[in-house]
Amino acid sequence: MSCWEETKILRMQMMERTLIGKETTFDGDLTSAETVRIDGVINGNCSCEKKLILSAEGQVKGNITAQSVIISGRVDGDITVQGKLELLSTGKIAGNITAGSLVIDEGAAFDGRCTMSSPSSGNLFADTEEEG
């Protein structure tokens with residue numbers, strides 16, 4: 001494959017991503033089969049089949065469901081992630097988290113409950129709770 005073809009494929013992949021711009025406010029629920037990057041404000045629920053990226057300027061006032069999530073901005077709502085949720089140092093979450101794995105950087109803020117789960121069994125402690 002030539003360098004030109006590789007560049008074209010990379011550009012096509014980048015075009016698949018949905019971007020909510022910095023000066024944009026979206027009122028309503030957002031659903032996407034692709035990666036979503038939010039630099040603006042969403043007043044509603046977000047459902048993404050791939051990755052959701054919330055920049056430091058971004059805000060979501062609603063629930064988030066995605067394969068993986070990176071939070072640098074503010075979320076007021078619950079987050080459900082099949083894979084990994086990363087809460088970066090500028091990120092703030094006011095709501096409950098359900099995730100396969102969780103990374104919280106120093107300086108981040110989280111006010112809520114967290115449930116760790118695996119895709120196959122749901123709650124990671126389901127087996128131990130039944131025994132106890």
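Me: Which residue stands opposite Arg74 in β9?
Reply: Look across the sheet from one strand to its partner. In general, strands of a sheet pair through backbone hydrogen bonds, either parallel or antiparallel. In this predicted model, the residue opposite Arg74 in β9 is Gln59. Strand β7 (residues 59-60) and strand β9 (residues 74-76) run in the parallel sense, paired over 2 bridges.

Me: In what order do the 6 strands of the open sheet come?
Reply: Reading across, you get β2-β5-β7-β9-β11-β13, with parallel pairing.

Me: Why is one side of β2 and of β13 left without a neighbour in the sheet?
Reply: β2 (25-27) and β13 (109-111) are at the edges and have a single partner strand each, so one side of each has no neighbour in the sheet.

Me: OK, now the inside. Which residues have the most contacts inside the largest nonpolar core?
Reply: The general idea first: in soluble globular proteins, nonpolar side chains tend to be buried together. Here the largest nonpolar core has 22 residues, and Ile38, Ile64, Val69, Ile71, Ile79 and Leu85 have the most contacts inside it. At least two core residues come from each of β4 (36-38), β6 (46-54), β8 (64-71), β10 and β12 (97-104).

Me: Can we zoom in on one of those? What does Ile71 touch, not counting residues up to four places away in sequence?
Reply: Its partners include Leu54, Ile64, Ile79, Leu87 and Ile93, and also Glu86 and Lys92.

Me: And Val81: buried or exposed?
Reply: Buried, because its relative accessibility is 2%, and the cut-off for buried is under 20%. Val81 is in strand β10 (residues 79-87). Skipping residues up to four places away in sequence, Val81 touches Ala66, Gln67, Ser68, Val69, Thr98, Ala99 and Gly100.

Me: Where does Arg17 sit?
Reply: Arg17 is in the loop between α1 (3-15) and β1 (18-20). Arg17 counts as partly exposed because its relative accessibility is 39%. Beyond its neighbours within four places in sequence, Arg17 contacts Thr35, Val36 and Arg37. From Arg17 to Ser32, 15 residues along the chain, the C-alpha separation is 9.2 Å.

Me: Stepping back, how many helices and strands are in the chain?
Reply: Count 2 helices and 15 strands. Of its 132 residues, 32% count as buried. The chain exposes about 8,000 Å², with 49% of that supplied by carbon and sulfur atoms.

Key. Residues numbered from 1 in each chain as written. Predicted model: local features only at pLDDT ≥ 70, side-chain atom pairs only at ≥ 80, totals over all residues. Heavy atoms only, no water. Helix = DSSP H or I, 4+ residues; strand = E, 2+ residues; numbered from the N terminus. Buried < 20%, exposed > 50% of the residue type's maximum accessible area, 1.4 Å probe, protein only. Contact = heavy atoms within 4.5 Å. Pairing = 2+ DSSP bridges. Core = buried A, V, L, I, M, F, W, Y, C linked by side-chain atoms within 4.5 Å. Areas by Shrake-Rupley, 256 points an atom, 1.4 Å probe, with all protein chains shown as cover.
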